[in-house]
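Please take me through this structure stop by stop. Tell me what to select and what I will find there.

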Amino acid sequence: MSLVEPSKNSGTGKHHDGVDFHSEDNSYLEKRTLRKGSAGWVLLAGLGVSYVISGDYAGWNNGLAEGGFGGLLIAGVVIAGMYLAMVLGMAELSSALPAAGGGYTFARRALGPWGGFATGTAILIEYAIAPAAIATFIGSYVESLELFGITDGWWVYLAVYAIFIGIHLTGAGEALKAMFVITAIALVGLVIFAISAIGLFDAANLTDIQATDAVGASSFLPFGLFGIWAAVPFAIWFFLAVEGVPLAAEEAREPEKNVPRGIIISMLVLLVTAATVLFLATGAMGAEGLATSGNPLVEALGDGTAAKVVNYIGLAGLVASFFSIMYAYSRQTFALSRAGYLPKNLSITNSRKAPTLALIVPGIIGFVLSLTGEGAMLLNMAVFGAAVSYVLMMVSHIVLRRREPDMKRPYRTPGGIVTTSFALVIAAAAVIATFLVDPVAALWTLIAFAGFMAYFGLYSRHHLVANSPDEEFAALAEAEEELG
(Lines give C-alpha, C1' and ligand atoms only; values in the text may rest on other atoms or scores of the structure.)
Protein backbone atom coordinates (compact mmCIF):
# COMPACT_ATOMS: atom_id res chain seq x y z
CA MET A 1 0.00 0.00 0.00
CA SER A 2 1.25 3.47 -0.81
CA LEU A 3 2.25 5.63 2.14
CA VAL A 4 0.81 8.64 0.36
CA GLU A 5 -2.56 8.05 -1.26
CA PRO A 6 -2.48 8.88 -4.97
CA SER A 7 -4.50 11.91 -5.94
CA LYS A 8 -6.61 12.18 -9.04
CA ASN A 9 -5.47 15.75 -9.25
CA SER A 10 -1.68 15.71 -9.45
CA GLY A 11 -1.62 19.43 -8.68
CA THR A 12 -2.58 18.93 -5.01
CA GLY A 13 0.01 18.14 -2.37
CA LYS A 14 2.09 19.52 0.46
CA HIS A 15 5.15 21.61 1.14
CA HIS A 16 8.03 20.82 3.50
CA ASP A 17 11.84 20.82 3.54
CA GLY A 18 11.72 23.67 1.02
CA VAL A 19 10.10 21.51 -1.69
CA ASP A 20 6.59 20.84 -2.99
CA PHE A 21 5.11 17.34 -3.31
CA HIS A 22 2.09 15.97 -5.11
CA SER A 23 0.76 12.46 -5.67
CA GLU A 24 0.32 10.92 -9.09
CA ASP A 25 -2.38 8.38 -9.99
CA ASN A 26 -1.71 4.70 -10.52
CA SER A 27 -1.28 5.02 -14.29
CA TYR A 28 1.76 7.25 -13.71
CA LEU A 29 3.61 4.54 -11.79
CA GLU A 30 2.36 1.75 -14.08
CA LYS A 31 4.20 3.44 -16.95
CA ARG A 32 7.34 3.60 -14.80
CA THR A 33 7.97 0.09 -13.52
CA LEU A 34 11.00 -2.13 -13.94
CA ARG A 35 11.00 -5.90 -14.34
CA LYS A 36 11.18 -7.55 -10.92
CA GLY A 37 13.31 -10.56 -10.08
CA SER A 38 15.65 -10.31 -13.07
CA ALA A 39 18.89 -10.92 -11.15
CA GLY A 40 20.27 -13.00 -8.29
CA TRP A 41 23.53 -12.36 -6.46
CA VAL A 42 25.67 -14.00 -9.15
CA LEU A 43 24.46 -11.61 -11.85
CA LEU A 44 24.75 -8.70 -9.41
CA ALA A 45 28.34 -9.61 -8.58
CA GLY A 46 29.03 -9.86 -12.30
CA LEU A 47 27.45 -6.44 -12.75
CA GLY A 48 29.78 -4.96 -10.12
CA VAL A 49 32.86 -6.42 -11.80
CA SER A 50 31.56 -5.41 -15.22
CA TYR A 51 31.26 -1.76 -14.17
CA VAL A 52 34.94 -1.62 -13.32
CA ILE A 53 36.89 -4.15 -15.34
CA SER A 54 37.87 -1.75 -18.14
CA GLY A 55 39.92 0.07 -15.50
CA ASP A 56 42.22 -2.95 -15.28
CA TYR A 57 42.88 -2.82 -19.02
CA ALA A 58 43.55 0.92 -19.46
CA GLY A 59 43.69 4.21 -17.60
CA TRP A 60 45.22 3.23 -14.26
CA ASN A 61 48.75 3.22 -15.64
CA ASN A 62 48.72 7.00 -16.18
CA GLY A 63 49.03 7.22 -12.41
CA LEU A 64 52.63 6.01 -12.80
CA ALA A 65 53.41 9.31 -14.51
CA GLU A 66 52.05 11.17 -11.48
CA GLY A 67 53.40 9.15 -8.58
CA GLY A 68 55.66 6.41 -9.91
CA PHE A 69 55.09 2.82 -8.81
CA GLY A 70 55.40 3.66 -5.12
CA GLY A 71 53.03 6.60 -5.32
CA LEU A 72 50.40 4.64 -7.24
CA LEU A 73 50.82 1.62 -4.97
CA ILE A 74 50.29 3.64 -1.78
CA ALA A 75 47.39 5.54 -3.35
CA GLY A 76 45.95 2.23 -4.53
CA VAL A 77 46.10 0.66 -1.06
CA VAL A 78 44.41 3.69 0.52
CA ILE A 79 41.75 3.88 -2.20
CA ALA A 80 41.13 0.13 -2.02
CA GLY A 81 40.56 0.54 1.70
CA MET A 82 38.16 3.40 1.03
CA TYR A 83 36.16 1.41 -1.52
CA LEU A 84 36.00 -1.66 0.69
CA ALA A 85 34.75 0.44 3.61
CA MET A 86 32.30 2.26 1.35
CA VAL A 87 30.98 -0.97 -0.17
CA LEU A 88 30.36 -2.40 3.31
CA GLY A 89 28.42 0.76 4.18
CA MET A 90 26.45 0.63 0.96
CA ALA A 91 25.66 -3.05 1.52
CA GLU A 92 23.87 -2.03 4.71
CA LEU A 93 22.06 0.89 3.07
CA SER A 94 20.95 -1.22 0.10
CA SER A 95 19.59 -3.95 2.38
CA ALA A 96 17.54 -1.38 4.29
CA LEU A 97 16.43 0.75 1.33
CA PRO A 98 16.27 -1.45 -1.81
CA ALA A 99 15.17 0.89 -4.62
CA ALA A 100 16.40 1.82 -8.10
CA GLY A 101 17.73 5.16 -6.87
CA GLY A 102 20.76 3.68 -5.13
CA GLY A 103 22.80 6.48 -3.59
CA TYR A 104 20.03 9.01 -4.23
CA THR A 105 17.60 6.87 -2.23
CA PHE A 106 20.02 6.58 0.69
CA ALA A 107 20.83 10.30 0.78
CA ARG A 108 17.19 11.30 0.26
CA ARG A 109 16.22 9.58 3.49
CA ALA A 110 19.25 10.83 5.42
CA LEU A 111 19.80 14.32 4.03
CA GLY A 112 16.43 15.39 2.62
CA PRO A 113 15.46 16.35 -0.95
CA TRP A 114 18.42 18.68 -1.53
CA GLY A 115 20.95 16.13 -0.30
CA GLY A 116 19.24 13.34 -2.20
CA PHE A 117 19.26 15.22 -5.47
CA ALA A 118 22.86 16.37 -4.98
CA THR A 119 23.94 12.77 -4.47
CA GLY A 120 21.91 11.49 -7.41
CA THR A 121 23.31 14.25 -9.61
CA ALA A 122 26.92 13.46 -8.71
CA ILE A 123 26.30 9.77 -9.47
CA LEU A 124 24.57 10.60 -12.74
CA ILE A 125 27.46 12.84 -13.84
CA GLU A 126 29.88 10.01 -13.09
CA TYR A 127 27.87 7.44 -15.02
CA ALA A 128 27.04 9.67 -17.97
CA ILE A 129 30.66 10.74 -18.50
CA ALA A 130 32.48 7.46 -17.81
CA PRO A 131 31.06 5.72 -20.94
CA ALA A 132 32.22 8.68 -23.03
CA ALA A 133 35.77 8.16 -21.75
CA ILE A 134 35.52 4.41 -22.36
CA ALA A 135 34.18 5.02 -25.89
CA THR A 136 37.40 6.86 -26.75
CA PHE A 137 39.41 3.91 -25.41
CA ILE A 138 37.28 1.51 -27.47
CA GLY A 139 38.01 3.58 -30.57
CA SER A 140 41.73 3.39 -29.91
CA TYR A 141 41.55 -0.38 -29.33
CA VAL A 142 39.57 -0.98 -32.52
CA GLU A 143 42.10 0.99 -34.53
CA SER A 144 45.07 -0.80 -32.95
CA LEU A 145 43.53 -4.19 -33.76
CA GLU A 146 43.20 -3.20 -37.43
CA LEU A 147 39.82 -4.90 -37.66
CA PHE A 148 38.57 -4.69 -41.25
CA GLY A 149 40.55 -1.49 -41.69
CA ILE A 150 38.38 0.35 -39.13
CA THR A 151 39.90 3.58 -37.87
CA ASP A 152 39.07 5.55 -34.75
CA GLY A 153 36.44 8.21 -35.33
CA TRP A 154 33.05 9.62 -34.39
CA TRP A 155 31.20 6.88 -36.17
CA VAL A 156 32.88 4.22 -33.97
CA TYR A 157 31.56 6.03 -30.88
CA LEU A 158 28.13 6.33 -32.47
CA ALA A 159 28.08 2.64 -33.33
CA VAL A 160 28.91 1.45 -29.80
CA TYR A 161 26.35 3.77 -28.24
CA ALA A 162 23.63 2.73 -30.69
CA ILE A 163 24.32 -1.01 -30.45
CA PHE A 164 24.42 -1.22 -26.68
CA ILE A 165 21.51 1.11 -26.04
CA GLY A 166 19.56 -1.16 -28.39
CA ILE A 167 20.49 -4.25 -26.36
CA HIS A 168 19.50 -2.54 -23.11
CA LEU A 169 16.10 -1.70 -24.57
CA THR A 170 15.37 -5.44 -24.81
CA GLY A 171 15.10 -5.61 -21.01
CA ALA A 172 17.18 -5.93 -17.86
CA GLY A 173 17.32 -9.73 -17.72
CA GLU A 174 18.74 -10.03 -21.23
CA ALA A 175 21.14 -7.12 -20.71
CA LEU A 176 22.50 -8.45 -17.40
CA LYS A 177 23.09 -11.90 -18.87
CA ALA A 178 24.93 -10.40 -21.86
CA MET A 179 27.04 -8.30 -19.47
CA PHE A 180 27.90 -11.38 -17.42
CA VAL A 181 29.19 -13.27 -20.46
CA ILE A 182 31.30 -10.34 -21.68
CA THR A 183 32.70 -9.80 -18.18
CA ALA A 184 33.63 -13.48 -17.89
CA ILE A 185 35.57 -13.20 -21.15
CA ALA A 186 37.37 -10.09 -19.85
CA LEU A 187 38.33 -11.94 -16.64
CA VAL A 188 39.76 -14.79 -18.72
CA GLY A 189 41.88 -12.18 -20.50
CA LEU A 190 43.29 -11.01 -17.16
CA VAL A 191 44.16 -14.61 -16.22
CA ILE A 192 45.98 -15.09 -19.55
CA PHE A 193 47.82 -11.81 -18.97
CA ALA A 194 48.86 -12.79 -15.45
CA ILE A 195 50.19 -16.20 -16.47
CA SER A 196 52.18 -14.67 -19.34
CA ALA A 197 53.50 -11.70 -17.36
CA ILE A 198 54.91 -13.74 -14.48
CA GLY A 199 57.78 -14.92 -16.66
CA LEU A 200 58.58 -11.34 -17.71
CA PHE A 201 58.49 -9.88 -14.20
CA ASP A 202 61.59 -8.06 -12.96
CA ALA A 203 61.38 -6.22 -9.64
CA ALA A 204 63.87 -3.61 -10.90
CA ASN A 205 61.31 -2.49 -13.49
CA LEU A 206 58.96 -1.31 -10.74
CA THR A 207 61.27 1.57 -9.80
CA ASP A 208 62.91 2.49 -13.11
CA ILE A 209 61.63 6.10 -13.11
CA GLN A 210 64.43 8.46 -12.14
CA ALA A 211 63.85 10.31 -8.87
CA THR A 212 63.13 14.03 -9.13
CA ASP A 213 64.11 16.70 -6.61
CA ALA A 214 60.60 16.76 -5.08
CA VAL A 215 60.18 16.53 -1.33
CA GLY A 216 60.52 12.91 -0.22
CA ALA A 217 61.63 11.71 -3.65
CA SER A 218 63.33 8.33 -4.00
CA SER A 219 63.45 5.46 -6.46
CA PHE A 220 60.25 4.16 -4.84
CA LEU A 221 58.60 7.60 -4.85
CA PRO A 222 60.24 9.36 -7.82
CA PHE A 223 57.83 12.30 -7.61
CA GLY A 224 57.98 12.58 -3.84
CA LEU A 225 55.17 12.56 -1.33
CA PHE A 226 52.98 14.79 -3.47
CA GLY A 227 53.02 12.06 -6.12
CA ILE A 228 50.93 9.84 -3.85
CA TRP A 229 48.17 12.44 -3.78
CA ALA A 230 48.41 13.06 -7.53
CA ALA A 231 48.03 9.32 -8.21
CA VAL A 232 44.74 9.06 -6.28
CA PRO A 233 42.36 9.73 -9.22
CA PHE A 234 44.06 6.99 -11.24
CA ALA A 235 43.91 4.54 -8.32
CA ILE A 236 40.16 5.21 -8.23
CA TRP A 237 39.94 3.94 -11.81
CA PHE A 238 40.65 0.43 -10.44
CA PHE A 239 37.28 0.49 -8.64
CA LEU A 240 35.22 3.30 -10.17
CA ALA A 241 31.48 2.51 -10.43
CA VAL A 242 31.37 -0.66 -8.30
CA GLU A 243 29.04 1.35 -6.07
CA GLY A 244 26.42 1.10 -8.83
CA VAL A 245 25.26 -2.40 -7.87
CA PRO A 246 22.41 -1.10 -5.63
CA LEU A 247 20.88 0.58 -8.69
CA ALA A 248 19.69 -2.91 -9.67
CA ALA A 249 17.74 -3.35 -6.42
CA GLU A 250 14.26 -3.11 -7.96
CA GLU A 251 15.17 -5.71 -10.58
CA ALA A 252 16.85 -8.15 -8.18
CA ARG A 253 15.43 -11.20 -6.43
CA GLU A 254 15.39 -10.71 -2.66
CA PRO A 255 17.32 -7.43 -2.96
CA GLU A 256 17.78 -7.08 0.80
CA LYS A 257 19.99 -10.22 0.66
CA ASN A 258 21.34 -10.38 -2.88
CA VAL A 259 22.42 -6.76 -3.39
CA PRO A 260 24.75 -6.69 -0.35
CA ARG A 261 26.17 -10.10 -1.28
CA GLY A 262 26.68 -9.08 -4.92
CA ILE A 263 28.46 -5.80 -4.19
CA ILE A 264 30.79 -7.32 -1.56
CA ILE A 265 31.80 -10.26 -3.76
CA SER A 266 32.44 -8.00 -6.75
CA MET A 267 34.65 -5.76 -4.59
CA LEU A 268 36.73 -8.74 -3.44
CA VAL A 269 37.26 -9.84 -7.05
CA LEU A 270 38.32 -6.32 -8.04
CA LEU A 271 40.89 -6.15 -5.23
CA VAL A 272 42.59 -9.20 -6.73
CA THR A 273 42.50 -7.94 -10.33
CA ALA A 274 43.83 -4.48 -9.36
CA ALA A 275 46.81 -5.88 -7.48
CA THR A 276 47.52 -8.33 -10.31
CA VAL A 277 47.75 -5.78 -13.11
CA LEU A 278 49.57 -3.14 -11.04
CA PHE A 279 52.42 -5.43 -10.03
CA LEU A 280 52.71 -7.69 -13.07
CA ALA A 281 52.27 -5.11 -15.84
CA THR A 282 54.69 -2.64 -14.22
CA GLY A 283 57.17 -5.37 -13.38
CA ALA A 284 57.08 -6.73 -16.94
CA MET A 285 57.46 -3.48 -18.90
CA GLY A 286 58.76 -0.95 -16.39
CA ALA A 287 57.03 2.01 -14.80
CA GLU A 288 58.57 4.59 -17.13
CA GLY A 289 57.44 2.91 -20.34
CA LEU A 290 54.04 1.89 -19.01
CA ALA A 291 53.19 5.38 -17.71
CA THR A 292 52.20 6.71 -21.12
CA SER A 293 50.87 3.51 -22.70
CA GLY A 294 47.42 3.50 -24.21
CA ASN A 295 47.29 -0.30 -24.10
CA PRO A 296 49.32 -1.21 -21.00
CA LEU A 297 48.65 -4.93 -20.62
CA VAL A 298 49.34 -5.68 -24.26
CA GLU A 299 52.51 -3.58 -24.43
CA ALA A 300 53.75 -5.16 -21.21
CA LEU A 301 53.60 -8.60 -22.87
CA GLY A 302 55.43 -7.55 -26.05
CA ASP A 303 54.65 -9.02 -29.48
CA GLY A 304 53.87 -12.65 -28.67
CA THR A 305 50.68 -14.66 -29.08
CA ALA A 306 49.58 -13.93 -25.52
CA ALA A 307 49.77 -10.19 -26.22
CA LYS A 308 47.54 -10.57 -29.27
CA VAL A 309 45.00 -12.63 -27.35
CA VAL A 310 44.91 -10.13 -24.48
CA ASN A 311 44.59 -7.31 -27.01
CA TYR A 312 41.43 -8.81 -28.48
CA ILE A 313 40.00 -9.70 -25.08
CA GLY A 314 40.86 -6.22 -23.79
CA LEU A 315 38.23 -4.89 -26.15
CA ALA A 316 35.73 -7.13 -24.34
CA GLY A 317 36.79 -5.56 -21.04
CA LEU A 318 36.15 -2.07 -22.34
CA VAL A 319 32.82 -3.13 -23.83
CA ALA A 320 31.78 -4.75 -20.53
CA SER A 321 32.24 -1.54 -18.58
CA PHE A 322 30.73 0.62 -21.31
CA PHE A 323 27.69 -1.67 -21.49
CA SER A 324 27.17 -1.95 -17.73
CA ILE A 325 27.63 1.74 -16.89
CA MET A 326 24.89 2.46 -19.43
CA TYR A 327 22.66 0.31 -17.24
CA ALA A 328 23.71 2.38 -14.21
CA TYR A 329 23.09 5.80 -15.74
CA SER A 330 19.70 4.70 -17.04
CA ARG A 331 18.54 3.49 -13.62
CA GLN A 332 19.79 6.61 -11.85
CA THR A 333 18.06 8.80 -14.44
CA PHE A 334 14.93 6.65 -14.16
CA ALA A 335 14.73 7.00 -10.37
CA LEU A 336 15.33 10.77 -10.34
CA SER A 337 12.80 11.27 -13.13
CA ARG A 338 10.13 9.06 -11.59
CA ALA A 339 10.33 11.12 -8.40
CA GLY A 340 10.13 14.41 -10.34
CA TYR A 341 13.70 15.64 -9.84
CA LEU A 342 14.34 15.35 -13.59
CA PRO A 343 11.78 15.64 -16.44
CA LYS A 344 9.21 12.91 -15.86
CA ASN A 345 9.17 11.56 -19.42
CA LEU A 346 12.67 10.21 -18.84
CA SER A 347 11.29 7.46 -16.58
CA ILE A 348 8.67 5.96 -18.91
CA THR A 349 9.44 2.30 -19.59
CA ASN A 350 8.79 0.30 -22.75
CA SER A 351 6.95 -3.02 -23.11
CA ARG A 352 10.13 -4.82 -21.97
CA LYS A 353 10.21 -2.65 -18.80
CA ALA A 354 13.37 -0.81 -19.89
CA PRO A 355 13.46 3.00 -19.36
CA THR A 356 13.68 4.17 -22.97
CA LEU A 357 14.56 7.87 -22.72
CA ALA A 358 16.67 7.27 -19.60
CA LEU A 359 18.88 5.15 -21.84
CA ILE A 360 18.83 7.37 -24.91
CA VAL A 361 19.16 10.94 -23.58
CA PRO A 362 22.27 10.44 -21.39
CA GLY A 363 23.65 8.32 -24.23
CA ILE A 364 23.35 11.25 -26.64
CA ILE A 365 25.10 13.51 -24.12
CA GLY A 366 27.86 10.93 -23.65
CA PHE A 367 28.29 10.54 -27.42
CA VAL A 368 28.72 14.30 -27.82
CA LEU A 369 31.33 14.32 -25.03
CA SER A 370 33.18 11.41 -26.62
CA LEU A 371 33.67 13.49 -29.77
CA THR A 372 36.24 15.55 -27.84
CA GLY A 373 38.50 12.49 -27.91
CA GLU A 374 39.85 13.58 -24.50
CA GLY A 375 39.63 10.25 -22.72
CA ALA A 376 41.92 11.24 -19.84
CA MET A 377 40.02 14.47 -19.16
CA LEU A 378 36.66 12.68 -19.29
CA LEU A 379 38.02 10.06 -16.91
CA ASN A 380 38.93 12.77 -14.39
CA MET A 381 35.51 14.39 -14.75
CA ALA A 382 33.87 11.04 -13.94
CA VAL A 383 36.17 10.60 -10.95
CA PHE A 384 35.19 14.04 -9.60
CA GLY A 385 31.48 13.20 -9.77
CA ALA A 386 32.14 9.84 -8.14
CA ALA A 387 34.19 11.28 -5.26
CA VAL A 388 31.50 13.86 -4.47
CA SER A 389 28.84 11.13 -4.37
CA TYR A 390 31.02 8.99 -2.09
CA VAL A 391 31.25 11.82 0.44
CA LEU A 392 27.48 12.27 0.46
CA MET A 393 26.70 8.54 0.65
CA MET A 394 29.04 7.98 3.60
CA VAL A 395 27.54 10.98 5.38
CA SER A 396 24.14 9.36 4.75
CA HIS A 397 25.21 6.11 6.38
CA ILE A 398 26.52 7.93 9.44
CA VAL A 399 23.39 10.10 9.74
CA LEU A 400 21.02 7.13 9.47
CA ARG A 401 22.99 5.11 12.03
CA ARG A 402 22.74 8.04 14.44
CA ARG A 403 19.21 9.20 13.71
CA GLU A 404 17.51 5.87 12.98
CA PRO A 405 19.32 3.22 15.03
CA ASP A 406 16.26 0.95 14.96
CA MET A 407 15.85 0.95 11.17
CA LYS A 408 15.53 -2.60 9.84
CA ARG A 409 18.96 -3.53 8.47
CA PRO A 410 19.20 -7.14 7.21
CA TYR A 411 22.93 -6.53 6.76
CA ARG A 412 24.99 -4.37 9.12
CA THR A 413 28.36 -2.81 8.26
CA PRO A 414 31.25 -4.31 10.27
CA GLY A 415 32.68 -1.49 12.37
CA GLY A 416 29.60 0.67 11.86
CA ILE A 417 30.23 4.39 11.45
CA VAL A 418 33.96 3.96 12.13
CA THR A 419 34.19 2.08 8.83
CA THR A 420 32.22 4.62 6.83
CA SER A 421 33.94 7.57 8.54
CA PHE A 422 37.24 6.28 7.19
CA ALA A 423 35.73 6.10 3.69
CA LEU A 424 34.33 9.62 4.13
CA VAL A 425 37.73 11.14 4.98
CA ILE A 426 39.48 9.48 2.03
CA ALA A 427 36.66 10.40 -0.37
CA ALA A 428 36.91 14.06 0.69
CA ALA A 429 40.65 13.94 0.02
CA ALA A 430 39.93 12.40 -3.40
CA VAL A 431 37.67 15.35 -4.31
CA ILE A 432 40.57 17.71 -3.60
CA ALA A 433 42.99 15.48 -5.50
CA THR A 434 40.94 15.76 -8.71
CA PHE A 435 41.45 19.54 -8.65
CA LEU A 436 45.20 19.08 -8.21
CA VAL A 437 45.58 16.62 -11.09
CA ASP A 438 43.24 18.21 -13.65
CA PRO A 439 41.67 21.47 -12.44
CA VAL A 440 40.01 22.08 -15.83
CA ALA A 441 38.17 18.73 -15.74
CA ALA A 442 37.13 19.27 -12.11
CA LEU A 443 35.93 22.81 -12.84
CA TRP A 444 33.82 21.76 -15.83
CA THR A 445 32.26 18.98 -13.75
CA LEU A 446 31.55 21.40 -10.92
CA ILE A 447 29.83 23.74 -13.38
CA ALA A 448 27.64 20.88 -14.64
CA PHE A 449 26.82 19.94 -11.04
CA ALA A 450 25.86 23.54 -10.26
CA GLY A 451 23.63 23.60 -13.35
CA PHE A 452 21.70 20.55 -12.13
CA MET A 453 21.29 22.08 -8.68
CA ALA A 454 20.03 25.34 -10.21
CA TYR A 455 17.43 23.37 -12.19
CA PHE A 456 16.28 21.75 -8.98
CA GLY A 457 16.19 25.01 -7.05
CA LEU A 458 14.33 26.93 -9.72
CA TYR A 459 11.95 24.29 -11.05
CA SER A 460 11.86 20.62 -10.09
CA ARG A 461 11.74 21.05 -6.32
CA HIS A 462 8.20 22.33 -6.85
CA HIS A 463 7.15 19.19 -8.77
CA LEU A 464 8.23 16.16 -6.72
CA VAL A 465 6.16 12.98 -6.74
CA ALA A 466 5.28 11.95 -3.20
CA ASN A 467 4.20 8.41 -4.04
CA SER A 468 7.30 7.37 -5.99
CA PRO A 469 9.09 4.48 -4.21
CA ASP A 470 12.19 6.47 -3.26
CA GLU A 471 10.17 9.33 -1.82
CA GLU A 472 8.02 6.87 0.11
CA PHE A 473 11.09 5.58 1.94
CA ALA A 474 11.62 9.15 3.16
CA ALA A 475 7.93 9.57 3.97
CA LEU A 476 8.07 6.43 6.10
CA ALA A 477 10.95 7.87 8.11
CA GLU A 478 9.05 11.13 8.63
CA ALA A 479 5.92 9.27 9.73
CA GLU A 480 7.89 7.16 12.19
CA GLU A 481 9.58 10.26 13.57
CA GLU A 482 6.19 11.96 14.10
CA LEU A 483 4.82 8.85 15.84
CA GLY A 484 7.92 8.75 18.03
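Select Asp438 first. In this predicted model, Asp438 is buried but forms no salt bridge. The nearest side chain of opposite charge belongs to Arg331, 29 Å away.

Where does Asp438 sit? Its place is the loop between helix H16 (417-437) and H17. Now display what surrounds Asp438. Leaving aside neighbours within four places in sequence, Asp438 is in contact with Met377 and Asn380.

Next stop: the second largest pocket. The space in this pocket is about 310 Å³. Its lining has 16 residues. Select Leu124, Ile125, Ala128, Ile365 and Phe452, the ones closest to the pocket centre. Then colour three helices: H5 (103-145), H14 (356-370) and H17 (439-458). These are the elements that each give two or more residues to the lining.

How many of the lining residues are nonpolar, polar or charged? The lining of the second largest pocket divides into 15 nonpolar residues, 1 polar and no charged.

Last stop: Glu288. Find Glu288 in helix H11, residues 287-290. Is Glu288 buried or exposed? Glu288 counts as exposed because its relative accessibility is 54%, and the cut-off for exposed is over 50%.

Glu288 touches both, not counting residues up to four places away in sequence. Finally, draw a distance from Glu288 to Met179. These two residues are 109 residues apart along the chain, and their C-alpha atoms are separated by 34 Å.

Conventions. Residues are numbered from 1 along each chain as its sequence is written. This is a predicted model: local features need pLDDT of at least 70, side-chain atom pairs count only at pLDDT 80 or more; totals for chains, interfaces and linings use all residues. Side-chain values use heavy atoms; hydrogens and water are left out. On a 1 Å grid over the protein atoms alone, a cavity is a set of points where a 1.4 Å probe fits but cannot get out, and a pocket is an open set with protein on both sides within 12 Å along at least five of seven lines; lining residues have an atom within 4 Å of a point. Grid points are joined across faces, edges and corners, and a volume is the space filled by probe spheres set on the points. Helices (H or I, at least four residues) and strands (E, at least two) are DSSP runs, numbered from the N terminus. Ala, Val, Leu, Ile, Met, Phe, Trp, Tyr, Cys and Pro count as nonpolar, Asp, Glu, Lys and Arg as charged, and the others, Gly among them, as polar. Buried means under 20% relative accessible area, exposed over 50%, partly exposed in between (1.4 Å probe, protein chains only). Lys and Arg count as positive and Asp and Glu as negative; His and the chain ends are not counted. A salt bridge is a side-chain nitrogen of Lys or Arg within 4 Å of a carboxyl oxygen of Asp or Glu. Contact means heavy atoms within 4.5 Å.
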